[in-house]
Amino acid sequence: MLVAVNESISQLKWLWFREPRTLQDIQLFDDASRGPFGAVRLMIRTKAGLIVLGGLVAVLALALDPFSQIIVSYPSRSVVKKTASVGRAQAYDSGLPWQLESGLLLGPEFNMKAAIYDGLFKPGVVVDYVPLCDTGNCTFPHFDSLAVCSKCLDITQNVTHDNPPYDLTKLDGTMNVSYSLPGGAQVGFSVLYQEQQLAMGPGIVVTSEIPSTVTKQVLDLQDPLLSLAILQFPDVKQRIQDGNYYNTLPKTQQCALYFCVNTYKVKVENGNVTTTVESSWTSEYGTPTVGAAMEPGGMNGTKNAVLQLPNDDVDLNNHTYTITAGTLANLQAWLIVTLSGSLNTSFSVVQGAVWANDEMVVLNQTTNWDFLMGALAKAMTTYIRDPVQSTFANYVYGTASRVETYVHVQWHWIILPTALVGMSILFLGGTMMKNESKRALAWKSSSLALLFHGLEGVRKNTGEGMDQMRDVARKTRVVLVQSHNGEWKLRNTGF
């Protein structure tokens, strides 16, 4: 576009000199064809309509590139592509019979056992239920789900000894050790001392034999799925004088697992899943079982546990969450057997080779009980929320979006480029029409035209300096005329 404009300006130079003009106008036209500054000077100097139009195009063309780049942009946007899903549980039913017809105890289903062992042996890698999100960017509405929650409290400072011996230097033989816990619960066991040394004694004791009133008082939970008192003895040493059960207190935790209803907020961004528990609720009545679940017929009378969530604005459908009686009693009995017991200290003397209980080994090594019990609860929750594994789990559907790049045209920025093209066409057409009307030759910016049709009648002693030549050019008027032999010449008309 600018090539045509510049050439047209150069052509108008020859038409301009069809009338007497100052010689310096030649330089003005040449400068105008080279850049916007010269074009401004030419417009001010000539004030001729067609020339002003060409100069205006040359000046405004400076903004052509920035405007052209702004017209089209390539932003990104999130576009919904398909449906995503995440699991939730309305109930939990293992499908096992709720009555034990024989002494053969199976415990919960294998998938639940696997989840429990994952939480116990691999707490650091337990994750929440992973939603189905093919695009890596998904959003879901808030939703409620049946879940397993945990709670732990360090009660070490509230533990006391029961009837410790007066003379700790005379500990010998089998002796009973007993501690009182908050709420009146007691934990007792026997130890063996020989020759002023501990021959056999536990490094950890875990018991579920805690009255429900104690759990309510300490943890503010009524009839949870599992309530444990955990006593660890890191300060008990082999030599009596270095530390024993009577002159130190065990590090004691009271922990519980209980069924609850969680409100979840789940989102996936760039493949990273974020699951947030917005709120958690459990029944003030808990999930009680009846009788001795370990005995045939012992679960008779246990009813389905029902968590009736108060109405909320999250899930407007079913607010009733159920754990079937057989599932509840069976799971509770198995958890008690699996997670209760003791483990002797590493220096205890045993008869023959004895395999350590793996669950007790893990518990004995635990220092962060909130983390361990939280991982255990999370693993169990992930299982019961999985529709693939759990019968009463279902899906909550969300949206899966993908980030894509698109072409965005800002049409208002095209006004100037379009106007410049139109002005250029008008200027070029006007120049051609004027050139045709004057029957001028198309010399345009040719230097040869100026050499072959140079000046006549201009004095030769103008000097060689640019300032001298400019001074003479300002005072000299010339006109492009055709001589009698048909040759065009720039002729001096005088000062």
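Student: In the hairpin of strand 13 and strand 14, which residue takes a positive phi?

Tutor: Strands here are DSSP runs of E of at least two residues, helices are runs of H or I of at least four, and both are numbered from the N terminus. In this hairpin two residues lie between the strands, and Asn270 takes a positive phi near 55 degrees. This is a predicted model, in which local features need pLDDT of at least 70 and side-chain atom pairs count only at pLDDT 80 or more, whereas totals for chains, interfaces and linings use all residues. Residues are numbered from 1 along each chain as its sequence is written, and side-chain values use heavy atoms, with hydrogens and water left out.

Student: How many bridges join strand 13 to strand 14?

Tutor: Strands of a sheet pair through backbone hydrogen bonds, in a parallel or an antiparallel sense, and two strands count as paired if DSSP finds at least two bridges between them. Strand 13 (residues 251–269) and strand 14 (residues 272–281) run antiparallel and are joined by nine bridges, with Ser280 of strand 14 as the bridge partner of Asn262.

Student: In what order do the four strands of the open sheet stand?

Tutor: The order is 7-8-9-10, with antiparallel pairing, and the edge strands, each pairing on one side only, are strand 7 (160–161) and strand 10 (197–200). Strand 7 is joined to strand 8 (residues 173–180) by two bridges, and His161 stands opposite Tyr179 of strand 8. Eight bridges pair strand 8 with strand 9, where Met175 faces Val191 of strand 9; their hairpin has five residues between the strands, and Gly183 takes a positive phi near 90 degrees there. Strand 9 (residues 186–194) then pairs with strand 10 over three antiparallel bridges, Leu192 having Met200 as its bridge partner.

Student: Why is one side of strand 4 and of strand 15 left without a neighbour in the sheet?

Tutor: These strands belong to an open sheet of three strands in the order 4-16-15, with mixed pairing. Strand 4 (91–92) and strand 15 (305–308) stand at its edges with a single partner strand each, so one side of each has no neighbour in the sheet. Four bridges join strand 15 to strand 16 (residues 320–323) in the antiparallel sense, with Gln308 opposite Thr320 of strand 16.

Student: At what angle do helix 4 and helix 11 pack?

Tutor: Axes are lines fitted to C-alpha atoms, for helices over the stretch in contact (heavy atoms within 4.5 Å), and angles run from 0 to 180 degrees between N-to-C directions. Helix 4 (residues 49–60) and helix 11 (residues 415–437) pack at about 145 degrees, with their axes 10 Å apart. Among the residues making this contact are Leu53 and Val57 of helix 4 and Met423 and Phe427 of helix 11. By class, the contact has nine nonpolar, four polar and one charged residues, where Ala, Val, Leu, Ile, Met, Phe, Trp, Tyr, Cys and Pro count as nonpolar, Asp, Glu, Lys and Arg as charged, and the others, Gly among them, as polar.
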